[in-house]
Amino acid sequence: MPTKRKVLPQARRGRAGRMLVLWLSIVLVLVGCSSIPTVGPVGTASAENSGETGEDAVFSPEGPAEDASPQDIIRGFMDAGKGAADDYSVARQFLAPEVATTWSPTERVTIYRSSRIVAMPEPDLFQIQLEVQGSVDSRGIRTDAPEGSTEAFPVRLEKVQGQWRLSAVPDGIIVSLASFPAIFIAHNLYFYSSDYQYWVPDTRWFIQRAGIAANIVKELLVGPAPYLQGAVLSAFPAGTALARDAVPVASGEAVVDFAPESLRDSSDRNRQQMVKQLEQNLRGLNNVTSVSMTVDQRDVDLGKGSGELQSAVADPSAGATQIVVYQDELAYYADGPEPIGDIPSVAEYGPRHPAMSVDGSVIAFLNSQENTLLVTGTGQDVSVVAEAERFTAPSVDPRRWVWTSQPTGTGSQVLAIPPGGNSSSAAVLSAPWLEGQTVTELRISRDGTRALVAANRDGRSEVMIAGVVRSPEGVPVSLTVPTILQVPPEAGAVDRVKWASEDTVVAVQSGAEEAAPVILSTARVPDPLSVKEGITGLSAGNGAEDIFIQTSEGIFNKVGSSWTLRTEGIRDPAFPG
């Protein structure tokens, strides 16, 4: 008998040819606006403020006024982009009839800080000039623009029955930075790590409106954002489709109905993984308490042992214990330094920047010159596993591979050393985008699927997240082209970065006279912390409140908006990973 699985949780049109020609010929980038795949359909911690309200965000923009000027029509059209009701019916009132039927509001969201409307020399042609914060594409993937970026959008008007109407506009809507949070919410899509052990977040931004559950499922079926492609897995094969463009939610139950052919060749285990993935993706909506998977409105048979499959782990904990250097030896630190039992002395190496695996079985560190990478562990001797001109602080992934980066003649190279291995067995990862970059820190996420990288190019620092592509055997092969997290200028040239949660990181400029660590995320605006003098080290545990910094005075931890001295005499603290 088919078993019904219930478990507690976790739009486009073609462009008008005339507009495309106008767009390609006139769009003006006033200041370089580089594309930064950072924040998804834009998305411690899963994305904040995620929830299904069951109602559209309440915006009631007004239609065009009688005898409105061209500038008033343009302004009214921009403002009407806040009203998604009835497929943006109010915004379409500002458009000439032909354009009103072809304009695609969901193609792109441009988020702006300030705007002005400028008349061009050609009659009835104007520019919407914007200071741009970023954009969201049709999949909800947000891209933040560099500070001070501007864009110009050409628009044309014509008289329709004696009233000005827009006869050529770019697809998409234009939303102010102040209005954006009230219209869109961040929500993490989740995909499996390559070993199905962890959930990997992919932050997207969705309009706050009824039907968000269907939009989430549809984007899940399309697949991950570009920087995660090849690094994560979905239980749903390419081509899987919903039977209809809706995921109804009644009495807390979301019913996901697939097209008849979608699951034909799936195994019992595969279907069980599908249900788990749906649960993980929909449980963040506040009106969903259970999920049911059907095909053509018939309950899906999940097969034998359908209740035995363990779900993947989301946002793995870093625990409460760090590894530190204390009196020239490696030590644990929670409430105070504690010796690590059954490991040899490392004082002769002048240990720096230790890292350890989650289970504590692998401990890696650098020597005092930071040109030798060493590994030890309980009951193990100290082994020199690699030597180079210089290494970045090591990071240990969940599979106990030790990661680091070293400079090359033209950039940087990423190494991953297997358990028990050395430089001869190390994986040298393909990452062409590191050409010309000097990596200052490399940290592998606690799910093992993403690399957090701080790098410097020609004196300009960047913070990036790339996907880790592995072979079927789990060997790291390459890093995907990364998404870039925008760092506010006041943070300076950050060179130290740490994971604080599954989708939140903290970064700081070390060695500066004064520096303010900044919390970065694909689901929130940068959040600068309090300034502190002479920060030389950084660590982060479980969330944005579990952050530690190091200065010449000692180790400080974050307490509210302040830094409190925690301990003296230790250095280089690091949580597992």
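Helices (H or I, at least four residues) and strands (E, at least two) are taken here as DSSP runs, numbered from the N terminus, and a residue is called buried under 20% relative accessible area, exposed over 50% and partly exposed in between (1.4 Å probe, protein chains only). The structure is a predicted model, in which local features need pLDDT of at least 70 and side-chain atom pairs count only at pLDDT 80 or more, while totals for chains, interfaces and linings use all residues. Residues are numbered from 1 along each chain as its sequence is written, and side-chain values use heavy atoms, with hydrogens and water left out.

The pLDDT, which is the predictor's confidence in each residue on a scale from 0 to 100, averages 90 over the protein chain, and 90% of the residues score at least 70. Over residues 1–55, however, the pLDDT is below 50, although this stretch has 205 contacts in the model beyond near neighbours in sequence, a contact being defined by heavy atoms within 4.5 Å.

Helix α6 (residues 212–222) is mostly covered, with eight of its eleven residues buried, namely Ile212, Ala213, Ala214, Ile216, Val217, Glu219, Leu220 and Leu221. The elements that cover these buried residues include β9 (184–193), β10 (199–207), β12 (249–250), β13 (253–258) and α7 (268–282). Just after α6, Gly223 takes a positive phi of about 120°. In helix α2 (residues 70–80), the buried residues are Pro70, Ile73, Ile74, Gly76, Phe77, Met78 and Ala80, and their cover includes α3 (85–92), β3 (108–119), β4 (125–137), β6 (150–160), β7 (163–168) and β8 (173–176).

Strand β3 also holds Tyr112, which is buried at a relative accessible area of 14%. Not counting residues up to four places away in sequence, Tyr112 touches Met78, Leu130, Glu131, Val132, Gln133, Ile174, Val175, Ser176 and Leu177; Met78 is itself one of the buried residues of α2. Tyr112 and Leu177 are 65 residues apart in sequence, yet their C-alpha atoms are 5.5 Å apart in space.

Most residues other than glycine have a negative phi. Gln327 is exposed, with a relative accessible area of 61%, whereas Asp328, at 38% relative accessibility, counts as partly exposed.

Grid points are joined across faces, edges and corners, and a volume is the space filled by probe spheres set on the points. The largest cavity holds about 110 Å³ of space, and β27 (438–444), β32 (496–499) and β38 (537–540) are the elements that give two or more residues to its lining. Among the residues of this lining are Ser395, Arg443, Trp499, Phe575 and Pro576. By class, the lining of the largest cavity has six nonpolar, three polar and three charged residues, with Ala, Val, Leu, Ile, Met, Phe, Trp, Tyr, Cys and Pro counted as nonpolar, Asp, Glu, Lys and Arg as charged, and the others, Gly among them, as polar.

The second largest pocket contains about 480 Å³ of space, and of the 29 residues that line it, His353, Thr392, Ala393, Thr440 and Arg496 are the closest to its centre. At least two lining residues each come from β19, β24 (402–407), β27, β32, β38 and β42 (570–574), and β27 gives the most, with five. This lining divides into ten nonpolar, ten polar and nine charged residues.

Two further buried positions were considered. Ser357, in the loop between β19 (352–356) and β20 (363–366), is buried at a relative accessible area of 3%. Leaving aside neighbours within four places in sequence, Ser357 is in contact with Val362, Val396, Arg400 and Pro576. Ala454, in strand β28 (residues 450–457), counts as buried at 0% relative accessibility. With neighbours within four places again left aside, the contacts of Ala454 are Thr438, Val439, Thr440, Glu441, Glu462, Asp495 and Val497. The C-alpha atoms of Ala454 and Val497 are separated by 6.4 Å, although these residues lie 43 residues apart along the chain.

Methods:
On a 1 Å grid over the protein atoms alone, a cavity is a set of points where a 1.4 Å probe fits but cannot get out, and a pocket is an open set with protein on both sides within 12 Å along at least five of seven lines; lining residues have an atom within 4 Å of a point.
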